Structures are given as C-alpha cells and as structure tokens.
Amino acid sequence: MVSAEYGDVLINNYSDAAGMRPVVFPHWFHRIRFRCKVCHADLGFKMEAGGNQINMLKIIDGEYCGACHNGEVAWSVENCDVCHTGKAGQPTQVHQSTASKLTTTTKRKKAESEQ
C-alpha cells in the first residue's frame, strides 16, 4: 500500500462504499508535467478536495482522470491497485495541507466539546 505524501489528494467520495481503498492522487507529480489549466479548466476539476463527484463510470467514459488514463496516454482503469492505494476510512482531503489540519482540529475540538 502506498502512503500519501504532502500535497497528495485523497479521494474517497465513493471508494469505501464500494469496498475499494481510497484513491491517492499525486497532485505534484501531475503538476510538474502539466499546467494547472489542463486539469482545472480543460477537464473540469474543481480546486477543492471532494468538490468533484468522480466515479469509475465517468472515468471509463473519458471524464476527469479518464481523459488521460485510457491506456494510450497513461495506464488504463483496469489497473485498480495503481490508484486505489489509500487506507480504508481516510476522508477526502489534501494530505497534510494546512486547511486539512485546521479542519481536522476544528472537528476534533467540536466533537470533544459535545461529549
């Protein structure tokens, strides 16, 4: 299992429910190779972790990741374990981002105050 690194986007909108591990999207790996507009303007990715309702049907139809992960530009979707490498139960988030840490801290403090 691959661990997420700083700046990776953990995507778990549907994975847990489908019995799959969450996707670890290596944002910086892609950012080095492509301009922001390729994914965020041309492919429609919102700049918000969890802001995209990505599912495998859309990817297979060539949307989102499927625009490149089609077996020609990059590996195709049959290789599930290449992308679904997160730990089960991890929430959708930008791994180790300041915003994620603040959100987690706020949620934890709120939960503690409600006990």
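Is Tyr 64 buried or exposed at 15% relative accessibility? Tyr 64 counts as buried, because its relative accessibility is 15% and buried means under 20% relative accessible area, with exposed over 50% and partly exposed in between (1.4 Å probe, protein chains only).

## About the model

This is a predicted model, in which local features need pLDDT of at least 70, side-chain atom pairs count only at pLDDT 80 or more, and totals for chains, interfaces and linings use all residues. Residues are numbered from 1 along each chain as its sequence is written, and side-chain values use heavy atoms, with hydrogens and water left out.

## The chain as a whole

Let's start with the overall plan. The chain has 6 helices and 3 strands, where helices (H or I, at least four residues) and strands (E, at least two) are DSSP runs numbered from the N terminus. Following the sequence, these elements come in the pattern β-α-β-α-α-α-α-β-α.

Of the 115 residues in the chain, 27% are buried. The accessible surface is about 8000 Å², and carbon and sulfur atoms account for 57% of it; such areas come from the Shrake-Rupley method with a 1.4 Å probe, and for residues only the protein chains shown count as cover. Contact means heavy atoms within 4.5 Å. Among contacts between residues at least 6 apart in sequence, 54% join residues at least 24 apart.

## The sheet

The 3 strands form an open sheet in the order E2-E1-E3, with antiparallel pairing; two strands pair if DSSP finds at least two bridges between them. Strand E2 (23–25) and strand E3 (93–94) are at the edges with a single partner strand each, so one side of each has no neighbour in the sheet. Strand E1 (residues 9–11) is joined to E2 by 3 bridges, and the two run antiparallel. Val 9 has Phe 25 as its bridge partner in E2.

Val 23 is also part of strand E2, and it counts as buried at 17% relative accessibility. Setting aside neighbours within four places in sequence, Val 23 is in contact with Val 9, Leu 10, Ile 11, Ser 15, Cys 83 and His 84.

## An aromatic pair and its core

Now back to Tyr 64. Rings of Phe, Tyr and Trp (its six-membered ring) pair if their centres lie within 6.5 Å; planes under 30 degrees apart count as stacked, over 60 as edge-to-face and the rest as tilted. By this rule there is 1 aromatic pair. The ring centres of Phe 45 and Tyr 64 are 5.1 Å apart and their planes lie at 65 degrees, so the pair is edge-to-face. Phe 45 is in the loop between helix H3 (36–42) and helix H4 (56–60), and Tyr 64 is in the loop between H4 and helix H5 (80–83), so the pair ties together parts that are 19 residues apart in sequence. Tyr 64 also has a positive phi, near 45 degrees, in a residue other than glycine.

Both Phe 45 and Tyr 64 are buried. They belong to the largest nonpolar core, whose 5 residues are Cys 39, Phe 45, Ile 54, Ile 59 and Tyr 64. A nonpolar core is a set of buried Ala, Val, Leu, Ile, Met, Phe, Trp, Tyr and Cys residues joined through side-chain atoms within 4.5 Å. Beyond neighbours within four places in sequence, the contacts of Phe 45 are Cys 39, His 40, Asn 52, Ile 54, Tyr 64 and Cys 65.

His 30 sits in helix H2 (residues 27–33) and counts as buried at 16% relative accessibility. Apart from neighbours within four places in sequence, His 30 is in contact with Phe 25 and His 69. Arg 33 lies over the face of Phe 29, at 3.6 Å from the ring centre; a charge sits over a ring if NZ of Lys or CZ of Arg is within 6 Å of the ring centre and within 35 degrees of the ring normal.

Met 47, in the loop between H3 and H4, is exposed, with a relative accessible area of 68%. Its C-alpha atom is separated by 9.9 Å from that of Cys 36, and the two residues are 11 residues apart along the chain.
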